[in-house]
Structures are given as C-alpha cells and as structure tokens.
Amino acid sequence: MTINKQLIKDDLYEAVNGEWLKTAKIPDDKPATGGFNDLADEIDKTLMADFEKMSADSNVKAPLMQEFLNYYDLAADFDRRESEGTLPLKKVLAPLENLTSLADFDNKWADFVRAGYPTPLGFDVDADMKNAKMNALFVAAPSLVLPDKTYYERDNSQAEGLLKAFRAMMTKLLVALDYSEENANHVITEALTFDRNLVPHVKSAEESADYSKAYNPQSFTEFSSQSSNLDLKSIVRNLLNGNEPEKIIVTEPKFLAAIDELVNTTHFTEFKSWLIVKTVGSLSSYLSDDLRVIAGEYGRALSGSKAPKKQQKFAYYLAMGTYSGIVGEYYGHKYFGEDAKADVQQMVEKMINVYQNRLATNSWLTSATRDKAILKLSKLGIQVGYPDKINPLYQKMHVNMEKTLLENAMAFDKLATEDMFSKWDKPVDRDLWEMSAATVNAYYHPFKNIIVFPAAILQAPFYSLEQSSSSNYGGIGAVIAHEISHAFDNNGALFDEYGNLNNWWSEADLAHFKELSQQMITEFDGTEFAGQKVNGTLTVSENIADAGGLSCALEAAKSEDDADFEAFFINWAQVWRMKASTQYMQLLLSIDVHAPAKLRANIQVQNLTEFYDAFDIVAGDAMYKAADKRVNIW
C-alpha cells in the first residue's frame, strides 16, 4: 500500500483509506462495507459454498452439523414456504388475538414467555453482578419501536419518517394475514400508542451504557408488590418451577414502578395490539419470500440498505443464527486450527504482560489500587479461536422436517428459554462462549472477567504472518489490548477479579480516574459526523478501551527488532476503514457505544507522541493536538 505521508498530517484515516473509499461499493443488501464487514462477507461466501457441497454429499455428517444443514435446507425451501402461506403465523397469533382481558393474559403469561412472545417485562438469567459465580434472575423493560427513546424527543422529521415506514410495513403484513385495512390501521395505531407510552419510563442508550446502574436488586416480596394489575409473584414462580428467589435484579426500576400505569384494564386493547404487532413484525420473515421481504422494510429504512438479502443468504443467516456454535466450531477447526490458536494465545499472553508492566509503572495509581488492578489482570480468562466445548443445548435441538420453519424456530426458542431458566441459582459456566467462532469481533465479559477472540477476526488485516510485527500490533495487537482495557474502562473498572460489582479503588484514585474519563468524554463529545454529533458519554467506555489498546499495542511493537511506527499506525487506520449509508451512520451515532470508525482511527492516535514523531506532525497540521489536550489513561 502506497501512502502519501504528507496527507497523513491532515487526516490519517483519509490518507490511508481515501483511494479505497472512492471505489468501494456498499452491497445493496447491507448498510456498510469495510474492514470488519469485508471479512464477514468473505467468511459467509466460504461457508455457504462449503455447506452447499455438504448438503449435496450423501456421506454421513456429524450429527449436530446434520441438524444445522437440515435447518438451513428448511429455511432455504421457499417453494414450501410459499405453499404454507400465512397459516404458520396465524396459529402463533391465535392465542394473542383471543385474549379477552388482562386477567386472561396474566394466566397465560408464563406460557407466552416460554414460547418467545413479546411481554411487558423481559426475564433473563445471568451472572449475579455481586456474586458472579452464581446465576440470578434479571428483569428488564421491553424494547421500543424506534431505536432509542431520544428519537421520540427530537424536533425533526426523522422519527415521523421511520414511524411512517413502520406503519406501512405493518399494514402490508397484517393485510396479508387477512386483517381488513381499516382493522390493520386501528391495531397499528393502538400498538404505537402503547409504544409511545413506554418512552418516558425506559432508559436511553446513553443511560444503558452505564451497566453498573442495571444492578437494582429487589426482594421477591418487594418485586411482587410493584403491580396490582399483573401477578408478578405467580409469573416468577412459574418460570422458576415453583421457586421463589431471594432477590430479583431489576435493570430498569423506573419502568417497573410505572408498570401499573402502562398495563391496566383501561389500556388493555392497546397492550393487546402491541403484542400482536410486535409478534407479526418479528416472525413474518419465516413465511413466504414476499412477506420476508416486506418484513425487512422498516429495518432497511433504519439502516439505509437498498435491497433485501437474496434468498439463499437470508436462509444461511437465519440458520447460522440458530446454530452459531456449530457453525463456529466447524469454521474454527477447518480454517484456524490448533497451531494458530496456540500462536494467538501466546500473543494475548504477551499483551497481558505488557499491560501488567504498564500497571506496575503507572504514575497516578496508589500502590494499593495498583496491586488490585494487577491482581484482576492476573485472573483474566483467555479464550482464543474457538471453544473447547459446545453448548449442550444443541444436543436437544432436533429439526422436524415435517413441521414448518416457524414451528421449528419457536420450538428452538422454547428450548433455549427453558434452558436459560434451568440455570437460575446454579453456578455460572465460565467456559461457554457468547459469540460464534465465525464472527468477526471480540469481547470482554465483565461478570466473568474473560476476554474472547473468535477465529474469524484473527486474519489480515488484523493479523497475518505475511504482515510485519508492527502491522500486526496495529491490528490484532490493538484489538487484544482493547479487550483487556475493557477490564479497566469506566464500566469494567467497577468489577473485581471475580467479575463482582465491587469497588477495589481508593477514593482518591477513583476520583482521578473519573477526571480522566471525563477528559475522554470531552475529547469526543460534540464532534460533527454524518450531519449529527458524537455523544461522548455514550461512547466513553469503548474510547477508553481504544486508547488503552492502542497505547499498549504500541509498547509491544516497540519491543520487536523490526519496530516500525509508520506501519503500526497505518494498519491501525486501515482496520477501521468503513463506508456506510448516512442513515446507518446516524443510527449508530444514536445507539452504538462505539464512536464512528473514522474518529476511532484519527482521534486516538493524536494522543500518542510516537504518532507525531513517525509522521513529523507539528503545530499547524490538522492532525496536531496540543500536548495539554491529549488524553492518556492506561
């Protein structure tokens, strides 16, 4: 890659990616293209070709792979889906359409939860945030029709346009299900009225980004007393097989406190319409091709995608979403392997050592807090490539080819829901992955204090033996250190070495860390992008992780004999290349905890002295930032 280094003084991202941006084409069925997206597209093509050959091969496959292929074939049989018409969804809708009262709903609520229907409260089982070795029951608010509550509060036409697109889509779907147009409009209007009533009581994306605030434990008695209209005591007992938990963790107490105001006899028909509309919107894609295309209209309006996915790709995504662990295991073993797994494991361990050295020499932490941070780092779990074991739930997921695609999908949802509730009050399985090995991403889990690097991201431009060590550190090295840094971002820093929400900081150190975090918020907040502005508070945790990741990866690169700062920063900018629709960029600005890719590439490097040295950047250059404005935390 030939880079005009003079242009880097003005804009690193444009200098590295400008030529690519001029010619890159966003696929019609996607809202964006670029580093992460391009890798995912290549993996999809490879796996779809592999699975097509497997399906045509009469040889016996591994049982779980055969189940995936059966489900994939069922999803791709659009002739059969056409012949079945809307009957599969009509059967699902009947229990909702036949509801006569709130008491009637209350009696069927647990069955609805198990079947995967939308309900006024979301129940989940996850690690207890203050006893992370054990699973607890969580209760959350439902999602809104628009992406975030802030959309409803804006003084512009964006929300109106999206709601118009949603209404148009739902009208077509309900009419296809034999609703008259008048009745369809009535049901949609009622559903949107109920949705609008939820808005004042739910969290925004910015509020949700501080996930320590999701820990609001209530006793079983306190929780059960929150509603006089819904039998909260019975629903919990029913879901937990007659058990009463000592505590229930309420993620949005403001919403729970308003539940009687929202769900009551007066608003019953609006609530019922909301249940119907949410169900039709989420399940119509399992029907004929015409209806699955219609069911994606609102999503395309949100993202700016120009066209629906082709039938085969849609079927692949649907099946892969259900059997992601099986697909990931196949991909990891065939295209990654044990040797690469061991190599990257060593790289992760090296980055942890770099991080440990940085903590040990940290200038602003007191010794007691520093020791606690190093202890947390020493307990960090590492998972690379693909898991050593598959989720046992897959052993229960048998495709019934005599039943419709939707019937199979709902049967799988019920299995997954029952499996989730069976884990309540049992030890957390730290070895179960929450991301497929075929996913181009990585993550840190604060409740488990583990970092996970799926095989799919461990390739060029992030990592390759054909790249220089500095290029690799600017790619995968920064990604690895980014995930490590999440253990010490504004959220992760609140959890201890066992994943418990537990303050291990001295008062003075925590106050200083909050000052530094505020500097990171300020560095990004209000930056113009895609006709809108970046929310520094929403994105602060990812920005702290980017800063720590880039800085630590740079230190690791320095230790190599062939250290090359230019190559390091150029590859850092390359991995963030992205071309997207305006709608998609604006959507991400509203709900995504990550800053826009271009700003991730450009702003973080401006905090590092080595960047200025590498490209001779001085005051007056657009990429120059005064020393007292640079933010360095880890």
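Threonine 404 touches Leu74, Arg80, Glu84 and Pro88, where touching means heavy atoms within 4.5 Å, and residues up to four places away in sequence are not counted. Before I go on, please keep in mind that this is a predicted model, in which local features need pLDDT of at least 70, side-chain atom pairs count only at pLDDT 80 or more, and totals for chains, interfaces and linings use all residues. Residues are numbered from 1 along each chain as its sequence is written, and side-chain values use heavy atoms, with hydrogens and water left out.

Threonine 404 sits in the loop between strand S6 (381-385) and helix H23 (405-422); helices (H or I, at least four residues) and strands (E, at least two) are DSSP runs, numbered from the N terminus. Is this threonine 404 buried or exposed? With a relative accessible area of 12%, threonine 404 is buried, since buried means under 20%, exposed over 50% and partly exposed in between, for a 1.4 Å probe and protein chains only.

Among the buried residues of H3 are Leu39, Ile43, Leu47 and Phe51, and the buried residues of H3 pack against strand S1 (32-34) and helices H4 (63-76), H19 (311-322), H20 (324-335) and H27 (565-575).

Next comes a pair of helices, H21 (residues 337-360) and H22 (residues 367-378), which pack at an angle of about 170 degrees with their axes 9 Å apart; axes are lines fitted to C-alpha atoms, for helices over the stretch in contact, and angles run from 0 to 180 degrees between N-to-C directions. That makes H21 roughly antiparallel to H22, a term for angles over 145 degrees. In this contact, Ile352, Tyr355, Gln356, Leu359 and Ala360 of H21 meet Arg370, Ala373, Ile374 and Leu377 of H22.

Finally, the strands: S3 (residues 131-140) and S5 (residues 247-250) pair in the parallel sense over two bridges, and two strands pair if DSSP finds at least two bridges between them. Which residue of S5 is the bridge partner of phenylalanine 138? That partner is isoleucine 249. Strand S4 (residues 217-219) runs antiparallel to S5, joined to S5 by three bridges, and glutamine 218 has isoleucine 248 as its bridge partner in S5.

Conventions. Angles under 35 degrees count as roughly parallel, over 145 as roughly antiparallel, 65 to 115 as roughly perpendicular and the rest as oblique.
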